[in-house]
Amino acid sequence: MEPVVGATPKVVRPESEWREILTPKEYAVLRDAGTEPAWVGEYTDTKTEGVYECRACGAELFRSDTKFDSHCGWPSFFSPLAGDSVILREDRTHGMVRTEVLCATCHSHLGHVFEGEGYDTPTDQRYCINSVSLRLVEGPDGRADRRLEP
């Protein structure tokens, strides 16, 4: 994977270690900028409340309240969790110009963002993210173990 120019990841591992901690499918997407097939990801149609984190490093990336049905075959969000949770960079692979979305913490590939497609969202953006690059932590604050005080 090409390094991000002008930014240093907070989580740095040798590629051999990434291969050990990620499944081959996760590695292909997260570290080799691959794409999982449409309509097969575990989060494509998920409506569960929580926070989506990077499957490689655990950084919080998206909240479920920004997820929407784009009917494109991958989970779609109209905004990342915070402005500094992702990095955007130009992607000229496959004979087109797109904007790649990377985890700001470990610089793993998440997917692409598209603008101006006419979705009825506050940003008119579609962060098209591979399910395999995410892990959903359920709950109102993204913590499944959160308990209310009696």
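Tutor: A residue counts as buried when its relative accessible area is under 20%, as exposed when that area is over 50%, and as partly exposed in between. The model is a predicted one, and by this scale Arg 31 is buried, because its relative accessible area is 7%. Its partner is Glu 15, with which Arg 31 forms a salt bridge whose closest N and O atoms are 3.1 Å apart. This pair links distant parts of the chain, since Glu 15 lies in helix α1 (residues 15-21) while Arg 31 sits in the loop between α2 and β1, 16 residues apart. Glu 15, for its part, has 33% relative accessibility and therefore counts as partly exposed.

A second bridge joins Arg 55 to Glu 26, with the closest N and O atoms 3.5 Å apart. Here too distant parts of the chain are linked, Arg 55 being in the loop between β1 and β2 and Glu 26 in helix α2, 29 residues apart. Arg 55 is buried at a relative accessible area of 14%, and Glu 26 is buried at 9%. These two residues also belong, together with Glu 42, to a network of salt bridges.

Glu 117 is partly exposed, with a relative accessible area of 37%, whereas Arg 126 is buried, with a value of 8%.

Technical notes: Residues numbered from 1 in each chain as written. Predicted model: local features only at pLDDT ≥ 70, side-chain atom pairs only at ≥ 80, totals over all residues. Heavy atoms only, no water. Salt bridge = Lys/Arg side-chain N within 4 Å of Asp/Glu carboxyl O. Helix = DSSP H or I, 4+ residues; strand = E, 2+ residues; numbered from the N terminus. Buried < 20%, exposed > 50% of the residue type's maximum accessible area, 1.4 Å probe, protein only.
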